[in-house]
Amino acid sequence: SFTISLHKVDNTTVTIKLKPGLSPSCRMRVKSVIRSELKIKPGENVTFTFTCSTPEKYFIMEIQKNIDCVSGPCPFGDVHLYPLGLPRLNRTYIWDVKASTKAGLELKFSTSWLRQIEPGETCPDSVSYNISSCIDKAMVNIGTFCRNGSVSRIKLLGGVVMSLHLPWHLPFTTSGFNIANRASIKRLCIIESILKGESSITLMSPNYPLGFPEDELMTWQFVIPPNMRASVFFHNYSLSNCERKEERVEYYIPGSPSNPEVFKLSDSQPANIAGSFNMSLQGCDQDAQNPGILRLLFQVVIQHPQVDENVTHLVDLSKEKNMTVTIHLEGWPSSTLLMSEPMCLICRDPRTCDRVLTLTSGAVYRISFLCKDLSRLRITAEKGIGCMDIRWCQRKIYSLSVPKAITRLPIRLHKFIWKLLATDLINVEITSPSLKLQQHIPEQKCNTSYSYSIVSATPETELNVGVFCPGGSIEKIQMRNNITISLKTFGKGLINESIPQDLKMSFVPHIKDECTFTVRPNPKAEVYLQTPNSPYGLPPYVSISWFIVMPSKQTARLVFSEDRMGIACETGRAYVNIKEEAPGAEEIVRREDELLPQPRNMHHDFWVNVSNCKPVDKTQLTLQFRVTFADKQIDLGIILAVVAGAGVLTVIGLTVYCVKKKKKKTQNPMVGVYNANVNTQMPGKKGLFGKGRQNNESHVYAVIDDAVVYGHLLKESNGLVAPEVDVYRPFDGPIGSLPPSPPPFSFRKDIKCSSNTEEEPPPLTDTDQDTYTFAHQKSGQSEDNGNANKKDKEDTSVPLLENKEQDGLVE
């Protein structure tokens, strides 16, 4: 059993009651009477028992003591916990002290001091204090505090309600504070905070976050060790709607020529303060209809003076336009800076410092750092470049390089963002003439210290073009509409301009495809290329093109990593188009329901175009191919064909010559056909050879009409192959610097000669080192070793070379 005896002069009341929301599984018995709640008033003596063995699970206890410091003397000194011998329950001691508004009441805390916490936060040891003040019968919550902090004293105007919450298992004998009487403070309260060593504390305005009382004034006093520096940061605040006066913050700083220093809550607050200082919050007369809320949560950081705090760094942004530079701690803004230990501060001047500093273009800054380890600081910059009229910006070339004002700072550049803005009919062209770009994909990863992430945004869709780094084969990228290019560094990043940059941008007229790549590989390069927006796939109805420029005297091998596109279309068709930039080159077209082209050799610059449809399901089009190069080889068959053709022409020439000579012996030459006596040479030095062209008849030749020799072929084919419906779509991507010449006549795989028609050899031309493969045909059969795919009949105007075993791509 428990006996609680209360003296009447102590003016203390004890209440034991069930925890809210619990059923009365356990009760109290007082003189054989069962109760769920027991209230013991001053002067009473009560003995009771619990009906269960674990009453701490069901009951809580409140001990309230009323102290009148207006009509009687105040019990100054330590406040003890009374009465003794209470049951081991979660308990709350409440001291309600009445005091005159003309005499301030001071609460002093023991050596552990207090730490203010936000509403809803709990203390690690479950021991908490709550302090409220009475103003004109209205209660103002000064704050909730835990033990082990920096708050040493609180002075309050008028009365105070002090609450101490203790858990049932901790044996406490003292409250941890005492009451002292002082003169009137003429403000709501004064909170004293004593800081020792490098640390940071968080404090809040009274009634946070509900709102600071109207037209009130309060003060925080900070005691700083003489060899330390203090900085103030506002993390969360809001303003009320003022009718009169203005909400503000005032500082009394030792040695300041303008005490008090007045700041708005939106200003950067003082930093690098040497010595103790005061900070006051002043409210205003609020609008009765719409008062708003004045509240403030702030942090004070204490740290040692830095050795290099007087070293300034010049950041000249006077010639830059539309650019911002932000210097911040690593992890910003995702990481919280509120309760972390003091680390690094960036200062615009000795007293204006912050953990995040933003500089804008058009000005010159001298900054310094209060930081032990600059390696934890980062720079993030952003620059905007726009074009609203192509006439003014078409010929301008912009350098997308990090300004020297940034690279010369002793801080690592984290990211530099260029936002390129243009109207619908103006596009962006990115070039890297010397370094070129490499697309970052699993088969071809970047290992450089920085890379570019390129995103194209149109009104319909956002296309992640990809991640690129220097040292590849992509010379130019053309994109539609607004572009965001982000340079991101890795490792040591851009330090002291040691890494070259070669990225330029210009605005160009409208292009048809969403994105066009110009690829100019080195002769020994193996280039992997992939559709943008990986791994999510190409958006519906988007068309992408690659123009591969062949190295001199090289042959390219084009290999797709998959056999099919791997999608099914709900609306429209997906296509892959391949076309060489050569006279007579045939365009190779594949739909999404067809096999992709087999590995093939390309002898000229060529295009690869991918056009997407609207897929049936969420699977999007992702396509990858690679291009390798080898020296051009002269085919022995071609040499024999050329020699044979030359022999045929020689026989024809000799036959015509003999016929001509025979006619000259039998009849006179026709007047006007040829006069051998006319000198057709220009006067000049006589040649080394005695017999010139005018002395022989090697220039006499017969004109043979191609239509006579090959007419039967032209009649059968008309030079065309009628495409199947919805199988072939002409390639409508960009063309090269010169339009393709009309294609020369050549044998086609799908042109068959009549069995009763004698075949004639095709005309041979001496071309510029270009090699051609002639498909010799038999009646009703095309030459492909009998292994040609019937679905690929339209892809035979440039016959494939002999298929060789290809190296597979690693999935």
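Asparagine 533 lies in the loop between β45 (526–530) and β46 (543–548); helices (H or I, at least four residues) and strands (E, at least two) are DSSP runs numbered from the N terminus. The relative accessibility of asparagine 533 is 13%, so this residue counts as buried, where buried means under 20% relative accessible area, exposed over 50% and partly exposed in between (1.4 Å probe, protein chains only). Apart from neighbours within four places in sequence, asparagine 533 is in contact (heavy atoms within 4.5 Å) with Glu462, Leu463, Asn464, Val465 and Pro539. The model is a predicted one, in which local features need pLDDT of at least 70 and side-chain atom pairs count only at pLDDT 80 or more, while totals for chains, interfaces and linings use all residues. Residues are numbered from 1 along each chain as its sequence is written, and side-chain values use heavy atoms, with hydrogens and water left out.

Leaving aside neighbours within four places in sequence, the contacts of glutamate 246 are Lys264, Gln282, Gly283 and Cys284. The C-alpha atom of glutamate 246 is separated by 8.3 Å from that of aspartate 285, although the two residues are 39 apart along the chain.

For the protein chain as a whole, 4 helices and 54 strands are found. Of its 811 residues, 43% are buried. The accessible surface, computed by the Shrake-Rupley method with a 1.4 Å probe (for residues, only the protein chains shown count as cover), comes to about 44,100 Å², and carbon and sulfur atoms account for 52% of that area. Among contacts between residues at least 6 apart in sequence, 81% join residues at least 24 apart.

Nonpolar cores were defined as sets of buried Ala, Val, Leu, Ile, Met, Phe, Trp, Tyr and Cys residues joined through side-chain atoms within 4.5 Å. The largest of these cores has 84 residues, and the members with the most contacts inside it are Ile430, Ile477, Ile485, Phe507, Phe517 and Trp546. Beyond its neighbours within four places in sequence, tryptophan 546 is in contact with residues including Phe517, Val519, Leu529, Phe606, Trp607 and Phe625. A second, separate core is made up of 76 residues, among them Met28, Phe50, Val127 and Phe145.

Aromatic contacts were examined next. A pair of aromatic rings is described by the distance of the centres and the angle of the planes. Rings of Phe, Tyr and Trp (its six-membered ring) pair if their centres lie within 6.5 Å; planes under 30 degrees apart count as stacked, over 60 as edge-to-face and the rest as tilted. By this rule there are 22 aromatic pairs. One of them, tryptophan 95 with phenylalanine 177, is edge-to-face, at 5.2 Å centre to centre and 80 degrees between the planes. This pair links distant parts of the chain, with tryptophan 95 in strand β9 (residues 90–98) and phenylalanine 177 in strand β16 (residues 174–181), 82 residues apart. Tryptophan 95 and phenylalanine 177 are both buried. The pair of phenylalanine 109 and tyrosine 129 is edge-to-face because the ring centres are 6.4 Å apart and the planes stand at 70 degrees. Phenylalanine 109 belongs to strand β10 (residues 105–109) and tyrosine 129 to strand β12 (residues 128–135), so this pair ties together parts that are 20 residues apart in sequence. Phenylalanine 109 counts as buried at 9% relative accessibility, as does tyrosine 129 at 3%. Elsewhere, ring pairs link Trp220, Phe222, Phe234, Tyr251, Phe263, Phe277 and Phe298 into a cluster.

Strand pairing (at least two DSSP bridges between two strands) was also examined. Strand β2 (residues 12–18) and strand β7 (residues 59–68) run antiparallel and are joined by 7 bridges; valine 14 has isoleucine 63 of β7 as its bridge partner. Strands β7 and β9 run parallel, with 9 bridges between them, and glutamine 64 stands opposite isoleucine 94 in β9. An open sheet of 4 strands with antiparallel pairing has the order β18-β27-β20-β24. In this sheet β18 (199–204) and β24 (273–274) stand at the edges with a single partner strand each, so one side of each has no neighbour in the sheet. Strand β20 (residues 229–240) pairs with strand β27 (residues 292–303) in the antiparallel sense over 10 bridges, and serine 238 has arginine 295 of β27 as its bridge partner.
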